[in-house]
Each structure stands twice: as structure tokens, then as C-alpha cells.
Amino acid sequence: MKQSMIYALDFDGVICDSAVETAITGWKAAGRLWPDMTEDRLSEQLIDRFRRIRPAIETGYEAILAMRLIDREDDDRAVLNGFERNKQKLLDELNVDVDFLKKLFGETRDNWIAADFSGWIGVNPLFPSIADKLKQLNERATWYVVTTKQERFVKKILSANEIELSGDNIFGLERNRSKADTLIEILEGHPNQQIYFVEDRLPALLTVMTNPKLQSLKLQLADWGYNTAQDRQEAVYKGIELLCIEGFLKAK
């Protein structure tokens, strides 16, 4: 019989270490918009730099803009701190909207998967021991994925790691809903049960924290994900639990 604990888990930065794949997909897609960003110019250094500024990114399509900014700017801190402002400047420069970039990013990823599925999976590793943890949860708890990633990519990565999760338990980009709204739906489906929301982006947790309908959630910032030392310090100050991967793996 399953316990009353319910997990709502972010995907990128909590389950999957997708930074390398996201950087490569972002660069490939950017090359469709800026011809000077040829694939032969993509280096390990640029990918490493993307990992450092990854905390600024909420949704995958933003990697297109992030890679352009990294290519133009040598200072990672400037890219990280100015991302929101400069993101809009690039959108204006391109004269495209967010929906266009989402479609471009998804199509670029689909093309990669079609051409080299094993290679794509190889740069989407799960964090250490996470696969075993999720298989354990399947035996004794209920868990959901709450993500801004497109659901078909989540399903492919989980399946490749032999992790079973019903499509009804995966809430992705296609829903066009905020994480807070998704969490409200999950909460309504599990009255009188403790729900743990594990997320690696502090802004997402702070948004949930201010929602009066979500006060019963247990909020946890995954310190192994894409966040900064400042994020982790602020989380503790705001009363959000800082969760290490060992703590998550050992939780009953």
C-alpha cells in the first residue's frame, strides 16, 4: 500500500542533468537564426559557460538566446545577471515571439533524436542514483513531474532509464499552465496528504510560496541542480528547505 507522501518533482536540474544537451540544442537552433553560429564553432568551453549561467533559464527555448549572449559576451556574470533584460532585446532584434522559439527549439531537438537517439540520451544523464530512487518511489509512493520541458522529451528520457510513469503524472510545457496551477490540481487530488515540491529554481519556489492555496506544500530546493550559492542562501533565509541529493535519496 502506498504511503501518503506525494512528490512533485521538477525534471531538469532535479531528475535529469540536461545542461549539456540543452546547450547543444540551443546552439543548433540559434544557428538557424544567426548564421555565424555554425556547429563547428560550438566548443566545450561554450558548453561549460552555459552550465554556469543555466540558473537564469526557466524554459528550454531560452537556451537559444542564452547561447547567443554567451557568444557575444565574455563575462558569465554579466550574462547571468542581465539575462532577463537582454533576452527581450534579442527577441526584439529577431522580431520573433516566444512561441516561435519554443517551436524551433522543440523541432531542433526532435531532429537530433531522429538522427541520433542514443547520442541524445547520452547527454541527458540522470543525476547519480536518481533512477533507483524513482523506481523505489513507484513501489511505495506517488510522484509527479512538474516541468517546463515538453512532455514527449521527459517520457523518452524516463523510458530510456527504464522508469515507468503514467503520462497523467507528467505536467509539461504543452499544458500552458504555471507550476502553481499544476500543483493546485495535484493538491486537490490528494487532500490530507503531504506533498513535497522539489525544484532547483528558487524563483519557482518563491512564486509557489506566495500562493495562499499552496501553503500546505513542503518546499525543497535541490542543491544539486541549477542554482547559485546566493539562491541557496536566500532559500534558507526564506524558510525553504535546502535539500542535498543524499537527503533526497535516503528519504523514506
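## Salt bridges, sheet and cores

Colleague: Does Lys87 count as buried or exposed, and at what relative accessibility?

Modeller: This is a predicted model, and the value is computed from it. Buried means under 20% relative accessible area. Lys87 falls under that cut-off, so Lys87 counts as buried, at a relative accessibility of 12%.

Colleague: Which residue forms a salt bridge with Lys87, with the closest N and O atoms 2.8 Å apart?

Modeller: Look for a carboxyl oxygen within 4 Å of the Lys87 side-chain nitrogen. At 2.8 Å between the closest N and O atoms, the partner is Glu62.

Colleague: How many residues apart are Lys87 and Glu62?

Modeller: Both residues are buried. Lys87 sits in helix α5 (residues 83-94), and Glu62 sits in helix α3 (residues 62-72). The pair links distant parts of the chain, with a separation of 25 residues.

Colleague: How far apart are the closest N and O atoms of Arg68 and Asp71?

Modeller: Both residues lie in helix α3, 3 residues apart, about one turn of the helix. Arg68 counts as buried because its relative accessibility is 9%. The closest N and O atoms of the Arg68 and Asp71 salt bridge are apart by 3.8 Å.

Colleague: How many salt bridges does a search of the whole structure find?

Modeller: The pairs above include Lys87 with Glu62 and Arg68 with Asp71. Searching the whole structure gives a total of 20.

Colleague: What is the order of the strands in the open sheet?

Modeller: The sheet has 6 strands, with parallel pairing. Its edge strands, β3 (170-171) and β6 (241-243), each pair on one side only. Read across, the order is β3-β2-β1-β4-β5-β6.

Colleague: Which residue in β2 is the bridge partner of Leu9?

Modeller: Strand β1 (residues 6-9) runs parallel to strand β2 (residues 142-146). The two are joined by 4 bridges. In β2, the partner of Leu9 is Val145.

Colleague: Which residues touch the most other members of the largest nonpolar core?

Modeller: That core holds 66 residues. Ile15 is in contact with residues beyond its neighbours within four places in sequence, including Leu9, Phe127, Trp143 and Val145. The residues touching the most other members are Ile15 and Trp143.

Colleague: How many residues make up the second, separate core?

Modeller: Phe171, Ile184, Leu202 and Ala235 are among them. The size of this second core is 21 residues.

Colleague: What is the relative accessible area of Asn95?

Modeller: Asn95 is in the loop between α5 and α6 (98-115). It is not a glycine, yet Asn95 has a positive phi of about 60 degrees. Exposed means over 50%. Asn95 is exposed because its relative accessible area is 71%.

Colleague: Where does Glu162 lie?

Modeller: Glu162 also has a positive phi of about 60 degrees, although it is not a glycine. Glu162 counts as exposed because its relative accessible area is 63%. Its place is the loop between α9 (151-160) and β3.

Methods. Residues are numbered from 1 along each chain as its sequence is written. This is a predicted model: local features need pLDDT of at least 70, side-chain atom pairs count only at pLDDT 80 or more; totals for chains, interfaces and linings use all residues. Side-chain values use heavy atoms; hydrogens and water are left out. Two strands pair if DSSP finds at least two bridges between them. Buried means under 20% relative accessible area, exposed over 50%, partly exposed in between (1.4 Å probe, protein chains only). A nonpolar core is a set of buried Ala, Val, Leu, Ile, Met, Phe, Trp, Tyr and Cys residues joined through side-chain atoms within 4.5 Å. Contact means heavy atoms within 4.5 Å.
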